[in-house]
Amino acid sequence: MVDTVSKEKRSWIMSRIKGKNTKPEILVRRLLHRMGYRFRLNSPNMLGHPDIILKKYKTIIFVNGCFWHGHENCRKASIPKSNSNFWINKIKKNRTRDQKNQKALKKSGWNVFVIWECEIAKTDILRKKIKRKLIIRG
């Protein structure tokens, strides 16, 4: 199958995607704040540059885009038809890096968990997941 937009247009689209303060991150932060949790954002000094840090709970939250981080069995994680080898390799490297960083953070005593982009719409389930993860450490 062929991509529905030109190579130049695809490049332009991909160049507009932000790395932090994304809509999913903002929605998770709003939810955490409403739940009464206080946190720090995007620490450049920490391994993996976590999106949210809850020091009191020694917990790090990564808010991952399903496409960029290769969320398995997710419809939002489909590989583009054009230049698919590039995207397969890129996402594979992202997943490997993520796993390595999370393992190192856990080894240094942090509770690490990932909230996927596709989970954010299900606010009640997400709220329960957050409470469950933070009660374990709290």
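**Entry 1: aromatic residues**

I looked up Phe 86 and found a relative accessibility of 41%, which makes this residue partly exposed. The model is a predicted one. Trp 87 itself is buried, at 9% relative accessibility.

Trp 68 sits in the loop between S3 and helix H3 (84-107), while Trp 87 belongs to helix H3, so the pair ties together parts 19 residues apart in sequence. For Trp 68 I noted 23% relative accessibility, hence partly exposed. I recorded one aromatic cluster formed by Phe 67, Trp 68, Phe 86 and Trp 87.

**Entry 2: cysteines**

I checked for disulfides and the count came to zero. The sulfur of Cys 66 has its closest cysteine sulfur in Cys 74, at 3.6 Å; this is too far for a bond because the cut-off is 2.5 Å. I found both residues buried: Cys 66 has 0% relative accessibility, and Cys 74 has a relative accessible area of 13%.

**Entry 3: the sheet**

I traced an open sheet of four strands, ordered S1-S2-S3-S4, with mixed pairing. Strand S1 (40-41) and S4 are at the edges and have a single partner strand each, so one side of each lacks a neighbour in the sheet. I noted that S1 pairs with S2 in the antiparallel sense, over two bridges. The bridge partner of Arg 40 in S2 is Ile 53. I also examined H2, which packs on the sheet and touches S1, S2, S3 and S4. The direction of H2 makes about 140° with that of S3.

**Entry 4: nonpolar cores**

I listed the largest nonpolar core, which has 16 residues; Val 28, Tyr 37, Ile 61, Ile 115 and Ile 130 have the most contacts inside it. At least two residues of this core come from each of helix H2 (23-34), strand S2 (52-54), strand S3 (59-64), strand S4 (111-116) and helix H4 (123-137). Apart from this core I found another, of 12 residues, including Met 46, Ile 53, Trp 110 and Trp 116.

I then looked up the contacts of Ile 115, leaving out residues up to four places away in sequence. Among the residues touched by Ile 115 are Val 28, Ile 61, Val 63, Leu 126, Lys 129 and Ile 130.

Definitions and conventions: Residues numbered from 1 in each chain as written. Predicted model: local features only at pLDDT ≥ 70, side-chain atom pairs only at ≥ 80, totals over all residues. Heavy atoms only, no water. Core = buried A, V, L, I, M, F, W, Y, C linked by side-chain atoms within 4.5 Å. Buried < 20%, exposed > 50% of the residue type's maximum accessible area, 1.4 Å probe, protein only. Contact = heavy atoms within 4.5 Å. Pairing = 2+ DSSP bridges. Axes fitted to C-alpha atoms, helices over the stretch in contact; angles between N-to-C directions. Phe/Tyr/Trp six-rings, centres within 6.5 Å; stacked < 30°, edge-to-face > 60°.
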